[in-house]
Amino acid sequence: MLFTVNQTQDRPRAGRMNTGLRAAPALSSASLGTAGTDALRIISDPRTPTFVTVYANGRRRYSYWRPLDSTTGQGGCYAALPTGDCDALHEAGKIELGNPVVDANRTTYRVSASSTRATPPARALAAPLRPVRERARPVRAVRVA
């Protein structure tokens with residue numbers, strides 16, 4: 001799979017590489033900034049395929065497919081997400097990684113929103129509007145001759 005990523009937005013900083021793929025316990029949502037919230041919104045959208053590529057040197061790159069916008073003529077390419085914010089989301093347990101696709105010099109994972117949300121309570125069955133009464137059926141006597 002060949003990726004074309006805009007690398008001008010987010011360059012890795014020295015000493016900030018996180019090569020571990022294990023998620024830490026969830027942190028509060030107050031620690032997420034607006035960029036983290038925007039990244040989580042993009043990742044949570046099922047129509048937007050989002051990936052993380054981990055290169056052999058440990059560098060990570062989060063990217064998603066930006067569809068072509070017919071009114072502006074922009075899009076139709078892969079766009080990068082802020083690596084630091086996405087790493088924070090992963091450490092907080094808000095996103096999870098799918099099965100790896102291993103290449104010679106990189107490993108690619110599908111990124112999706114974590115499914116650890118509480119499930120909604122089950123709805124009780126609605127009671128009928130009025131109780132159903134059974135009609136009395138006449139009993140016929142059988143004559144034996």
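In which strand is the place of valine 52? Valine 52 belongs to strand 1, which covers residues 50-55; helices (H or I, at least four residues) and strands (E, at least two) are DSSP runs, numbered from the N terminus.

## Basis of the model

The structure is a predicted model, in which local features need pLDDT of at least 70 and side-chain atom pairs count only at pLDDT 80 or more, while totals for chains, interfaces and linings use all residues. Residues are numbered from 1 along each chain as its sequence is written, and side-chain values use heavy atoms, with hydrogens and water left out.

## Overall architecture

The protein chain contains two helices and six strands, arranged along the sequence in the pattern α-β-β-β-α-β-β-β. Of its 145 residues, 26% count as buried; buried means under 20% relative accessible area, exposed over 50%, and partly exposed in between (1.4 Å probe, protein chains only).

The accessible surface of the protein chain comes to about 11,400 Å², and 54% of this belongs to carbon and sulfur atoms. Such areas come from the Shrake-Rupley method with a 1.4 Å probe, and for residues only the protein chains shown count as cover. Among contacts (heavy atoms within 4.5 Å) between residues at least 6 apart in sequence, 55% join residues at least 24 apart.

## Surroundings of valine 52

Valine 52 is buried, its relative accessible area being 0%. Residues up to four places away in sequence aside, valine 52 touches Arg60, Arg61, Tyr62, Leu97, Thr107, Thr108, Tyr109 and Val111. The C-alpha atoms of valine 52 and tyrosine 62 are 4.3 Å apart in space, although the two residues are 10 apart in sequence.

## The nonpolar core

In soluble globular proteins, nonpolar side chains tend to be buried together. A nonpolar core is here a set of buried Ala, Val, Leu, Ile, Met, Phe, Trp, Tyr and Cys residues joined through side-chain atoms within 4.5 Å. The largest such core has 14 residues, of which Ile43, Tyr62, Leu81, Cys86, Ile95 and Val111 touch the most other members. At least two residues of this core come from each of helix 1 (34-44), strand 1, strand 2, helix 2 and strand 6 (106-113). Helix 1 gives the most, with three residues.

Isoleucine 95 is in contact with Leu40, Ile43, Tyr62, Cys86, Leu89, His90, Val111, Ser112, Ala113 and Ser114, leaving aside neighbours within four places in sequence.

## Helix 2

Helix 2 spans residues 83-91, and its buried residues are Thr83, Cys86, Asp87, Leu89 and His90. Viewed down the axis of helix 2, these buried residues fall within an arc of 160°, so they line one face of the helix. The arc is that of the directions from the helix axis to the C-beta atoms. Just after helix 2, glycine 93 adopts a positive phi of about 80°.

## Salt bridges

Side chains of opposite charge can pair when their charged atoms come close. With a salt bridge defined as a side-chain nitrogen of Lys or Arg within 4 Å of a carboxyl oxygen of Asp or Glu, the count is three. One of them joins aspartate 87 and arginine 60 at 2.7 Å, N to O. Aspartate 87 lies in helix 2 and arginine 60 in strand 2 (residues 60-66), so this pair ties together parts that are 27 residues apart in sequence. Both aspartate 87 and arginine 60 are buried.

Arginine 47 pairs with aspartate 45, with the closest N and O atoms 3.3 Å apart; arginine 47 is exposed, at 71% relative accessibility. Aspartate 103 and arginine 106 form a salt bridge whose closest N and O atoms are 3.7 Å apart. Aspartate 103 is partly exposed at 41% relative accessibility, whereas arginine 106 is buried, with a relative accessible area of 18%.
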